[in-house]
Amino acid sequence: MGKMVEFKPLKNDLILRAARGENVERPPVWVMRQAGRYLPEYHVVKANNDFFTCCRNPEIASTITIQPVNHYNGVLDAAIIFSDIMVIPQAMGMNVEILDKIGPHFTDPLREPSEMETKLTKEVDVLKELDWAFKSITETRIKLEGRVPLLGFCGGPWTLMVYMIEGGGTKLFRYAKTWLYEHPEASHELLDRITGVAIEFLAQQVVAGAQMVQVFESWAGELGPAEFKEFSLPYLKRISKGFKKRLVELGITEHIPITVFPKGAMYSLDWLADCGYDVVSLDWTIDPVEAVKIVRGRVVLQGNLDPGVIYGSKEIISKKTEEMIAGFGGGKQGYIINLGHGTQPFMDPAKLGWFLEECQRVGSA
Ligand code: 1CP
């Protein structure tokens, strides 16, 4: 400890108040993958640099993180650090690159349970291995000058297990499913190891300057309810509880909100409402009215516009945004606006801007 930096006071703490369940003047809004390929200025800064070279350079990472905040001046209520969920597998000893237009690529994935012994580091020194990530967060928080809160994040254990075994994106989940059904004990061991690293990583992001964090369980929907309950839910629960406990040990007494995004597994909402998370992020396959009914005020909801709506006309964007906010009860309590998943490289930044402005207009009404 002792290395905590003094940061400027927050000028906009809307998302933190909403995440704590307080009454707010309008629902806050941010967008998953708000920094990145759909923004022309991203390509200028990224240029020919490799993805992780950008993340590991605090100057570049902070510039890219703040780009959408500047681009949509005044209408985004949070920044999310420019990084990737693959940094936990990297910290655990695996070699991962992000290939242009393809995505994550592991040079030597875990195909057999025995390979956990040879390919993974036993005791992961998170502070040392991800030192660059903490530096980028601190630098970004300084540069934000309190304009909006900075969000940290990590991947969910099951989602990271998929990538570590498959070695990249997949449509079949052949190798990861082989582990689940052929080697359940080894699967639990791997999930357990990832969970330990995730807890420390999230807590240290807060020490470095993150003001709220999110766990992306992006492949939750590949699991049926029974498998979700066995291979994802217990670990997500351990993360929320372990994160809070670790913050106390690190001397952080402030309430730091934590969000979970179980993409594709909206059947899990009722369970996740009791798992120690402040916020559950929804994809677009659930009706907001239904979601509000299920959680009964136990947790704040985030989401859930189909990102594809951004390909529609301004009229459609307005209509769908109005319906969404009305479905969440107007958003003056228990709600954070977002898309149901990330932006896509082909999206028109002006259309996303229209969505953000409509969120302000409708949310303030
Ligand atoms: O603005 C932001 O949201 C910040 C940065 C961010 C985040 C939160 C990036 C940058 N990635 C992520 C999380 C992430 N990465 C998730 C969870 C959220 C989700 O479900 O989308 C996942 C699954 C990944 C994995 C990943 N990394 C993919 C998807 C591949 C697949 O299997 O379908 C891709 C394409 C990447 C690379 C990546 N990460 C981030 C960016 C901007 C990019 C594209 C890199 C480039 O080519 O410039």
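Biologist: Leaving aside neighbours within four places in sequence, which residues is Gly-167 in contact with?
Modeller: This is a predicted model, so keep that in mind throughout. Setting aside the neighbours within four places in sequence, Gly-167 has contacts with Pro-104, His-105, Phe-106, Pro-109 and Val-162.

Biologist: How far apart are the C-alpha atoms of Gly-167 and Phe-106?
Modeller: They are 4.6 Å apart, although 61 residues separate the two along the chain.

Biologist: And where does Gly-167 lie?
Modeller: Gly-167 is in the loop between α9 (157-166) and α10. Its relative accessibility is 10%, and under 20% means buried, so Gly-167 counts as buried.

Biologist: Let's move to helices. How are two packed helices described?
Modeller: You give the angle between their axes and the distance between the axes. Here, helix α10 (residues 174-182) packs with helix α11 (residues 184-208) at about 115 degrees, and the axes are 5 Å apart. That makes α10 and α11 roughly perpendicular to each other.

Biologist: Which residues make the contact?
Modeller: From α10 you have Trp-179, Leu-180, Tyr-181 and Glu-182, and from α11 Pro-184, Ala-186, Ser-187 and Leu-190. By class, the residues of the contact of α10 with α11 are six nonpolar, one polar and one charged.

Biologist: Take Tyr-181: is it buried or exposed?
Modeller: Tyr-181, which is found in helix α10, counts as exposed at 51% relative accessibility. For a sense of distance, Tyr-181 and Trp-158 are 23 residues apart along the chain, and their C-alpha atoms are separated by 14 Å.

Biologist: Now aromatics. How is a pair of aromatic rings described?
Modeller: By the distance of the centres and the angle of the planes.

Biologist: How many aromatic pairs does the count come to?
Modeller: The count comes to 12 aromatic pairs. One of them is Phe-153 with Phe-216, which is edge-to-face, at 5.5 Å centre to centre and with 90 degrees between the planes. Phe-153 lies in strand β4 (residues 150-155) and Phe-216 in strand β5 (residues 212-217), so this pair ties together parts that are 63 residues apart in sequence. Both Phe-153 and Phe-216 are buried.

Biologist: Which residues form one aromatic cluster?
Modeller: Tyr-42, Phe-51, Phe-52 and Phe-82 do.

Biologist: What about charges over rings: where does the charged end of Arg-111 sit?
Modeller: Over the ring of Tyr-175, 3.7 Å from its centre. There's also Lys-314, whose charged end sits over the ring of Trp-354, 4.5 Å from the centre.

Biologist: On to the backbone. Which residues does a cis peptide bond join?
Modeller: Gly-303 and Asn-304, with omega at about -10 degrees. Asn-304 is found in strand β8 (residues 300-305).

Biologist: And what is the phi of Ala-47?
Modeller: Ala-47 has a positive phi, about 45 degrees, although it is not a glycine. Look for Ala-47 in the loop between α2 (40-46) and α3 (51-56); at 48% relative accessibility, Ala-47 counts as partly exposed. Lys-101 also has a positive phi without being a glycine, at about 65 degrees. You'll find Lys-101 in the loop between β2 (96-99) and β3 (103-106). With a relative accessible area of 80%, Lys-101 is exposed.

Biologist: Is Leu-272 buried or exposed?
Modeller: Buried, with a relative accessible area of 0%. Leu-272 is found in helix α14 (residues 269-272). Apart from neighbours within four places in sequence, Leu-272 is in contact with Phe-228, Leu-233, Leu-236, Val-260, Pro-262 and Val-280. Between Leu-272 and Gly-146 there are 31 Å, C-alpha to C-alpha, and the two are 126 residues apart in sequence.

Biologist: One more: where is Asp-125 placed?
Modeller: In the loop between α6 (115-119) and α7 (126-129). Asp-125 is partly exposed, with a relative accessible area of 39%. The C-alpha atoms of Asp-125 and Met-92 are separated by 8.9 Å, and the two residues are 33 apart along the chain.

Methods. Residues are numbered from 1 along each chain as its sequence is written. This is a predicted model: local features need pLDDT of at least 70, side-chain atom pairs count only at pLDDT 80 or more; totals for chains, interfaces and linings use all residues. Side-chain values use heavy atoms; hydrogens and water are left out. Rings of Phe, Tyr and Trp (its six-membered ring) pair if their centres lie within 6.5 Å; planes under 30 degrees apart count as stacked, over 60 as edge-to-face and the rest as tilted. Helices (H or I, at least four residues) and strands (E, at least two) are DSSP runs, numbered from the N terminus. Buried means under 20% relative accessible area, exposed over 50%, partly exposed in between (1.4 Å probe, protein chains only). A charge sits over a ring if NZ of Lys or CZ of Arg is within 6 Å of the ring centre and within 35 degrees of the ring normal. Axes are lines fitted to C-alpha atoms, for helices over the stretch in contact, and angles run from 0 to 180 degrees between N-to-C directions. Angles under 35 degrees count as roughly parallel, over 145 as roughly antiparallel, 65 to 115 as roughly perpendicular and the rest as oblique. Contact means heavy atoms within 4.5 Å. Ala, Val, Leu, Ile, Met, Phe, Trp, Tyr, Cys and Pro count as nonpolar, Asp, Glu, Lys and Arg as charged, and the others, Gly among them, as polar.
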